Amino acid sequence: MDTHSSAHAEHSHPTPGLYLKIAVVLFVLTALEVLTFEGGRGGLGPALQPVFEPIVVLILVVFSGAKFILVAMFYMHLKQDGALLSNLFIWPLVIAAGVIAALIVLLSYWRVVGGMPAPELGS
Amino acid sequence: MSHPAAPVIDHHYTTTGIDNKKIALWSLIGSECLFFASLISMYLVYRGRSLVGPLPHSESRCMLHGQMQQCEPIFEIPLVTLGTAVLLFSSFFVVMALYGAQKGKPGMLKLWLSLTVLCGLFFVGMQVYEFNHFFHKGLGYSTNLFGSTFYTLTGFHGTHVTVGVIWLGTLLIRAFRGKIPPEKAINLEIAALYWHFVDVVWIVIFPTVYLLR
């Protein structure tokens, strides 16, 4: 991409209407996250708890991932801006995910496998 | 030979065609990802390993007023949910302010930027209240592993929000003085990018810390 087209792409940002739609979606997803949490702990009634409990983590991961992508793509303009900026964000994110996975494996999994489970009190 | 007066544009384009301030901020954001990844993983690793209370979601024995007592779960989800919603809406407000700045609409810029700063202040206030409340319920920084990791992670994020509020506040003052014309909207765009990053980090922290049981 040459200088002019890149600079042009940098400025063709979304409209206020799209920004508003994304804000509404973000709000709804947050509300659904909290509803899922409440369902998982029995706040929506004991009958629904077995339904929500096994899927709470999955739903929270999916919803927060969706919110993350929406903000990064549209509010941070990664969808419109050049690939260079996306790479500056995505590759550190990949490394960050690796850091989280590595630390959890090192400090949790191997401690248990090595026969030294940490004492637990609760959540 | 005389030339017609060209508008002063506050952009510093590089060979990539992208403003160098923008590249610098995205590089900062990339490095910040690693900071927060370390803190989030520490929180996850030590989750459920506290020997004494208070604990986030369950009752426990904890030291309060010099004696061991039965302590209630410490989190107040409705308050934090409100803070989360306010922070999410502040991201919408700041893109509207940026739109106003880019289109040369000072009224729109000032209105939405003021709302953004107010939302930031509300979030910081919510966090100060929460920390104060937790401290009075017996959760100090070194009370247990939960306290240490929780205060470090959310405090680090709260510091970022505070920096963002100060940054946007200075831009708001400049906006009221008429010093953010469309040619200088890039300065607001950079601050807005930082603000969105703070928002994105909270999108991860909120379910990880407050909703995972």
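Q: What is the order of the elements of chain A from the N terminus on?
A: From the N terminus on, the elements of chain A run α-α-α-α-α. Chain A has five helices and zero strands. Here helices (H or I, at least four residues) and strands (E, at least two) are DSSP runs, numbered from the N terminus. This is a predicted model, in which local features need pLDDT of at least 70 and side-chain atom pairs count only at pLDDT 80 or more, whereas totals for chains, interfaces and linings use all residues. Residues are numbered from 1 along each chain as its sequence is written, while chains are lettered from A and ligands numbered from 1 in the order in which they are written.

Q: What makes His77(A) count as buried or exposed?
A: A residue is buried if 20 or more other C-beta atoms lie within 10 Å of its own, exposed if 12 or fewer, and partly exposed in between, with C-beta atoms placed from the backbone. His77(A) has 23 other C-beta atoms within 10 Å, so it is buried. His77(A) is found in the loop between H4 and H5 of chain A. Although it is not a glycine, His77(A) has a positive phi of about 65°. In chain A as a whole, 25% of the 123 residues count as buried.

Q: Which residues is Phe89(A) in contact with, leaving aside its neighbours within four places in sequence?
A: Two residues are in contact if their C-beta atoms, placed from the backbone, lie within 7 Å. Apart from neighbours within four places in sequence, Phe89(A) is in contact with Ala72(A), Leu78(A), Trp26(B), Ile29(B) and Gly30(B). The C-alpha atoms of Phe89(A) and Leu78(A) are 9.2 Å apart in space, and the two residues are eleven residues apart in sequence.

Q: How do you know whether Leu193(B) counts as buried or exposed?
A: Leu193(B) has 24 C-beta neighbours inside 10 Å and therefore counts as buried. Leu193(B) lies in helix H5 of chain B. Neighbours within four places in sequence aside, Leu193(B) is in contact with Met76(A) and Leu25(B).

Q: What makes Tyr99(B) buried or exposed, or something in between?
A: Tyr99(B) has 19 other C-beta atoms within 10 Å, so it is partly exposed. Tyr99(B) lies in helix H2 of chain B.

Q: What is the crossing in which H3(B) passes H4(B), left-handed or right-handed?
A: H3(B) passes H4(B) in a left-handed crossing. A crossing is left-handed if the near helix is turned anticlockwise from the far one by less than a right angle, and right-handed if clockwise. By class, the contact of H3(B) with H4(B) has 14 nonpolar, nine polar and one charged residues. Ala, Val, Leu, Ile, Met, Phe, Trp, Tyr, Cys and Pro count as nonpolar, Asp, Glu, Lys and Arg as charged, and the others, Gly among them, as polar.

Q: How do you know whether H2(A) and H4(A) are roughly parallel or antiparallel to each other?
A: Helix H2 (residues 16-40) of chain A and helix H4 (residues 56-75) of chain A pack at an angle of about 165°, with their axes 10 Å apart. H2(A) and H4(A) are therefore roughly antiparallel. Their crossing, too, is left-handed. The contact of H2(A) with H4(A) has 15 nonpolar, two polar and two charged residues.

Q: Which residues touch the most other members of the largest nonpolar core?
A: A nonpolar core is a set of buried Ala, Val, Leu, Ile, Met, Phe, Trp, Tyr and Cys residues joined through C-beta atoms within 7 Å. Of the 79 residues in the largest one, Ala97(B), Leu113(B) and Leu188(B) touch the most other members. H5(B) gives the most to this core, with 19 residues.

Terms used: Axes fitted to C-alpha atoms, helices over the stretch in contact; angles between N-to-C directions. Parallel < 35°, antiparallel > 145°, perpendicular 65-115°, else oblique.
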